[in-house]
Amino acid sequence: MNQKKDPAKVSMFALALPLCLEQAFRILVSSIDTVMLSGFDNAAVAAVGMTSQYAFFINILYNVVCVGTMIVLSQFLGAKKSKEELGGIVKASIILVVSFSIIMSFAVIFGTGALLSCYTLEENVRNYAHEYFVIFCGFGSVFIAFNLLQGAVIRAYGYTKQILFATILANICNVIGNALSLYGWFGLPVLGLPGVAVSSVVGNFLSCVYLAVVIKQKKEIQFSLKNLFSIDKVYFKKILKIGIPTAGENLSYNVAQIVIMAMITTLGTAAMSAQVYTQTICRFVYMTAVGIGSATQIKIGYFVGSRNADEAYRNLWYYQLCGTLTSMILIVLMNMGKGFIIPLFTKDPVITGYVSTLLLCSIYLEFGRSLNLISIGGLKGAGDVVFPVSYGIFSMWCIMVLFSYILGLKMGLGLTGFWLAIGTDETTRGLVMLLRWKSRRWQAKALV
């Protein structure tokens, strides 16, 4: 029989380990995808890399609801709120995410052509990008949205292992579908990149089904879909009050990355491919900071909801130290083994040279990224979102984008200049967020 548990008593290790493993598995499969596509066509790699920026943009829109839902639920659980109040938050989030996903589906299906016309692209890259984006983020948008929402609810209740299992299910389906689409096994036709996109949609669908079963089985996650459209408006306000500014930082970052990618496209397809390959490798490093940052957000929400600010303050520093040390060890190991890693993605000597140089720059970048992701997770979990968003927007555009243009294009440093600028943005933002945490001004931002 399924036993109820107190989410606030789940240990940081029990929260963070599945989240880190989830990130590692996502990245592993993404890397396998990239390797498989590189054997098919480098133009397909460039197309997926470019459209991934817009896919991330769509995820940010859904995270307006999902991140807001997770933070509010975490604080409500820490404060021992009633089942009716907890259920009201979940129902409000369902209405919001359904509305957003329908809007985005139509926008992607009918607007991708106009979007790609803004880029200077080789014709085959443009065609690949259009096919992939319309299928994955157009027709598959609703499954992306519900994966994120169900994951946010389950994480808030402390069930991070189940999210890991859902990720494994979706990505195994994705890899098998990719192999069938690209290699024509069992006499099947080679579908190419459209087949890769379809396999991703099917994987997300299966993940949605699995997570729905998990939610139904957990006794403490109780809500009814009855009277779905007559719930109190206060629940929408609480979610959006946190979700909009929280997602605002990620939105600004993603738009800035799109601008940077647009600048990188002027350097040619080799530079675009090198950017994608290096980002793929570095994801294995910052997965730890992402996992610990997400777990930190949940734990700080519990502490703040239960009015235990001193414990929240002390633990953030410990979480930060663990995350940064792990990131530094991993990025050094990646550089030591890059002679074996890079050939897994490409044998092109020009691209190999680019990637090797960027991995050295990544030591600086990953240090700053670990500071930023974990400290901001703590601030958001405490309900302090306006300051991180405001400073983040300033830093992204006045440091990351501006200096990418100056160093990368005007001073002729190319991709190295872009990565140095991004690293400076991450590092300075991380340090400022830690100073914000030290000031303890976040204590006045609790939702309960």
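Hi everyone, let's start with helix α5, residues 141–156: its 16 residues reach 23 Å from the first C-alpha to the last, close to the 22 Å expected at 1.5 Å a residue. Please keep in mind that this is a predicted model.

How many of the residues of α5 are buried? The count is 12 of the 16, so α5 is largely enclosed by the rest of the structure. Among them are Ile 144, Leu 149, Val 153 and Ile 154, and also Asn 147, Gln 150 and Arg 155. After α5 comes Gly 158, with a positive phi near 90°.

Next, a pair of helices. Two packed helices are described by the angle between their axes and the distance between the axes. For helix α2, residues 42–78, and helix α4, residues 123–139, the axes come within 8 Å and cross at roughly 40°. That is why α2 and α4 are oblique to each other. The crossing of α2 past α4 is right-handed.

Which residues meet there? On the α2 side they include Ala 43, Ala 47, Met 50, Tyr 54 and Ile 58, and on the α4 side Val 125, Tyr 128, Tyr 132, Phe 133 and Phe 136. In this contact of α2 with α4, 16 residues are nonpolar, two are polar and none is charged.

Last stop: helix α14, residues 415–439. With 25 residues at 1.5 Å a residue, α14 should span 36 Å, and its end C-alpha atoms lie 37 Å apart, which agrees. Just past α14, have a look at Arg 440, where phi is positive at about 65°.

Definitions and conventions. Residues are numbered from 1 along each chain as its sequence is written. This is a predicted model: local features need pLDDT of at least 70, side-chain atom pairs count only at pLDDT 80 or more; totals for chains, interfaces and linings use all residues. Side-chain values use heavy atoms; hydrogens and water are left out. Helices (H or I, at least four residues) and strands (E, at least two) are DSSP runs, numbered from the N terminus. The expected span of a helix is 1.5 Å times one less than its number of residues. Buried means under 20% relative accessible area, exposed over 50%, partly exposed in between (1.4 Å probe, protein chains only). Axes are lines fitted to C-alpha atoms, for helices over the stretch in contact, and angles run from 0 to 180 degrees between N-to-C directions. Angles under 35 degrees count as roughly parallel, over 145 as roughly antiparallel, 65 to 115 as roughly perpendicular and the rest as oblique. A crossing is left-handed if the near helix is turned anticlockwise from the far one by less than a right angle, and right-handed if clockwise. Contact means heavy atoms within 4.5 Å. Ala, Val, Leu, Ile, Met, Phe, Trp, Tyr, Cys and Pro count as nonpolar, Asp, Glu, Lys and Arg as charged, and the others, Gly among them, as polar.
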